[in-house]
Amino acid sequence: MAKKGQGAALDRKKLMADPIMVGTIVVLVTFLTVFILYPLAILLVDSFVGDGGFSLSVFKRIFAMPTFTKAITNTLKVGFLVGILSTIVGLLFAYVEVYVRVGRGVGGLFKVVSMLPVVSPPFVLSLSMIMLFGKAGLITRELLKIYDNSVYGFWGIVIVQSLTFFPVCYMMLKGLLKNIDPSLEEAARDMGASRGKVFMTVTLPLLLPGLGNAFLVTFIESIADFANPMIIGGSYDTLATTIYLQITGAYDKAGAAAMAVVLLSITLLMFAVQKYYLEAKTAATLTGKASRGRMLIEERSVTIPLTILCALAAFFVIMMYLCVPIGALFPTWGYKYTPLTFKWFGQVFTKYKGLKAFRDSFVLSLIASPITALLSMIISYLVVKRKFKAKGFIEAVSMLAMAVPGTVLGVGYIRGFSGGLFHSSDWGIFSEGGALHGLFPNGLLGGIYGSAAILIIVFVVRSLPTGTRSGISALRQIDKSIEESAYDMGADSLTVFMTVTLPLIKDSFLSGLVTAFVRSITAISAIILLVTPQFLLITVQINEFAEKGSYSIACAFATILIIITYGSVLLMNLVMKFFGTSRKLKEDE
Amino acid sequence: MAKEKKGVRLEHISKIYQDPKTKKDFYAVHDTSLEIAPGSFVTLLGPSGCGKTTTLRMIAGFESPDEGEIYLGGEPINALTPNKRDTAMVFQSYALLPHYNIFDNVAYGLKLRKMDKETIKKKVMDILKLVGLEGMEGRMTNQLSGGQQQRVALARALVLEPGVLLFDEPLSNLDAKLRVSMRTEIRRIQQEAGITAVYVTHDQSEAMALSDQIIIMEKGVVAQIGTPQEVYYHPSNEFVADFIGEANFLRGTLVSTDTADIGGHKVAVAASGHDVGGACTLVLRPESAVLGDKGQLPCKVILSCFMGSYQNYHVMVGDTLVKITDFNPKNRKVYQVGDDAWVAFTSEDVHVL
């Protein structure tokens, strides 16, 4: 057999005839290498040579720390339970939505519940958990007269994380359930199986890989979560918080790097299982398209208990979220509930530099989101529509970023890009111990640390995987030959992308833009390690006030933040309605 | 109207793909050489996976050949990207740009060529008239029927006056009736425009109706090249005979240059260059034979079915199933299942392989 040499060489030649493509690829590869691979690589270097010379001594040291080994078991225990609980609750919601005839009101509740975690900062539920069920909690103390209830610790984290992450499972499982061909279940019913039997013998087995998938996704989210354990964990430390404390409290960068490597290994392993094993299986069992609509279950013996269960859960979640804006209105939480007051909102701006915090967060996110959206669309375009050598690299690295917990990335950035800062007197310890400095301590990118640029880059890197994933699925919907036809008629890559691809995925681009904005403005885990005093970020502020116990101020900040994020989502929907492709095509019909 | 008709020449073209399951390389197209004359209508015909679409996509530039060189109008074009090649393709899925109206779809390529507005407008209107879509230029693509979308796709390719027009199974998404009328239309437009066309299809009747030349491909190699008549009446092997129309294969030995022995019965055949005394296969088209009380080969009827314009027979000649379509059976003897009869044909009706 002849070698594939000539074909490959010709493909390369054709690529080279397209300088814009080549330029884009080079820029992308550089970006991904410098801002994703390099910080992770430096962590490896740090943890293996941190104590001088290549050795496992750093790992030996951290595994000898009881706080660290405890944190590992803590993290895994929480992750496991949260994964299971979120999957069960998510399945309940998904099943009810797809299979059961429910009232209009309940359907609306579902939408709200799936929306809330998207638009709110990640740790709002921790706040409200403490405010409702803590020692001075509205429910525990005022209603139930329990004066010594503690929400801090294992159960606090588990409940809060499950409530935060189950909507993710709900959305995933909803999609899968909709793909099950109803005639499979009808056939089972027809052969004499009861509803329960059908669920156990048909629906559940078909869904099993999907459930595993949902479990792993929440598991990863849980162990990567930083903010909730930080606020509600109390003395119960997880890996993410331990790493944070190791770097901000103990100033032990080699130790923190090694811990970050451990955390990263766990998430990467889970991610690999999820991505390569379960996703393929899910696709294999659920390729069937629903041939026609499903007969919804109408028996009251089924609908009533399920509806009540879901409504209760939904009300609970909504109550938790409502607690935040309301909490900001009470004069003194835990002691004085009337009359309602706006004084905390006032204090946000008068006393606590709220305006600067919102401006900083807003401006940085606003800069980051178009970059993220455009980058993710370009990556998806290249991955789905083009073939070239570096494609595997680009796809793998942008997906890898999905499995990197924010804390790990934050530590990597500190190590990779910290120049001047770590040489200053306070942080001097970091330059001792024979540790390597980043490749760019004072060089090319030396100035980046502590600047707005690094914060923007972190925002971009943190939202890139989500954007890329949705971009890829949007582009897969588009027949490849549409772009080929434009190419064939004489358009070069840039023209094809601008005149064909982008207009066709306008909606997806727009929602990517808003998702990136919302994710950026609510981000905390990586950013808290990198933010320097000249920037005030809302999420960091909220975290600070929550830790200090100033819940009213934290709530006031969070409320304004939710208003901003929800407002931008509303704005997006409005824009889509008027300029979106879907509407335009509909009108023309 | 085409500025210049261009021929296409493929010299020892190969394309290697990797099987996604077994990870083994295989030839999608193997050592294929073709000569397509300027202004002719040539069809690449074959079952799915035979390499016809890959060949077409190599001419368009979407795939790069692993061996060999492709020439367009005498110029080697291997290293050219699709947008730099003087080809225009009509896609199976039409591939109209859904966010543009008909006019903008057709004008897309012209705008890229930086023509002035007036020229573009005139050209677009002329071509829309040619394909029968006058007055529809303001519509969006989803307001058109499948056949109309196909015409837009054709107009969009034609308006560029390419050296060669490429068709990738353009009619396979249309219903049967429309397919027939569209193929007549395509042939008419190609003739009027006087353009070289390479057309990929797996539908042999489409290939017959459209082509000056048919190139039949099997498993990455060219099985036969010829006019529709040549490939139908003188197939070069059993694959071609079976793929183009229906064929019965009668196995036997060649006892002299013009006589074959089929199961002990002497059958007169047209003289061929095959070795006397060697094994041979006779190709007999179902419509070339009739059933009678006397003939060349004795048989037993196992199926007899009235189809209106013909009587459909399945008969056993020895162990071989032979299908016969006996046209206009109204005033002829009709045999029933179980009857003994003879298969009758002349030496001109069989082709020796």
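**Figure 1. Bridge partners of T253(B) and I262(B) in the predicted model.** T253(B) has D261(B) of β12(B) as its bridge partner. Strand β11 (residues 248-256) of chain B is joined to β12(B) by three bridges in the antiparallel sense. Strands are DSSP runs of E with at least two residues, numbered from the N terminus, and two strands pair if DSSP finds at least two bridges between them. For I262(B), the bridge partner is H265(B) in β13(B). The model is predicted, with local features requiring pLDDT of at least 70 and side-chain atom pairs pLDDT 80 or more, while totals for chains, interfaces and linings use all residues. Residues are numbered from 1 along each chain as its sequence is written, chains are lettered from A and ligands numbered from 1 in the order in which they are written, and side-chain values use heavy atoms, with hydrogens and water left out.

**Figure 2. The hairpin of β12(B) and β13(B).** Four bridges link strand β12 (residues 259-262) of chain B to strand β13 (residues 265-268) of chain B in the antiparallel sense. Two residues lie between the strands, and G263(B) adopts a positive phi near 55 degrees.

**Figure 3. The open sheet of chain B.** Five strands are arranged in the order β13-β12-β11-β14-β20, with antiparallel pairing. Because β13 and β20 (350-352) of chain B each have a single partner strand, they stand at the edges, and one side of each lacks a neighbour in the sheet. From one strand to the next, the twist averages 40 degrees; axes are lines fitted to C-alpha atoms, for helices over the stretch in contact, and angles between N-to-C directions run from 0 to 180 degrees.

**Figure 4. Crossing of α14(A) and α25(A).** The axes of helix α14 (residues 300-327) and helix α25 (residues 551-579), both of chain A, come within 7 Å and cross at roughly 110 degrees. Helices are DSSP runs of H or I with at least four residues. The two helices are therefore roughly perpendicular to each other, a term for angles of 65 to 115 degrees. V324(A), P325(A) and G327(A) of α14(A) are in contact (heavy atoms within 4.5 Å) with S552(A), C555(A), A558(A) and T559(A) of α25(A). The contact residues comprise four nonpolar, three polar and no charged; Ala, Val, Leu, Ile, Met, Phe, Trp, Tyr, Cys and Pro count as nonpolar, Asp, Glu, Lys and Arg as charged, and the others, Gly among them, as polar.

**Figure 5. The largest cavity.** A401(A), V404(A), L409(A), V461(A) and R462(A) line the largest cavity. A cavity is a set of points on a 1 Å grid over the protein atoms alone where a 1.4 Å probe fits but cannot get out, and lining residues have an atom within 4 Å of a point.

How values were computed
Parallel < 35°, antiparallel > 145°, perpendicular 65-115°, else oblique. 1 Å grid on protein atoms, 1.4 Å probe; cavity = no way out; pocket = protein on both sides within 12 Å on 5 of 7 lines; lining within 4 Å.
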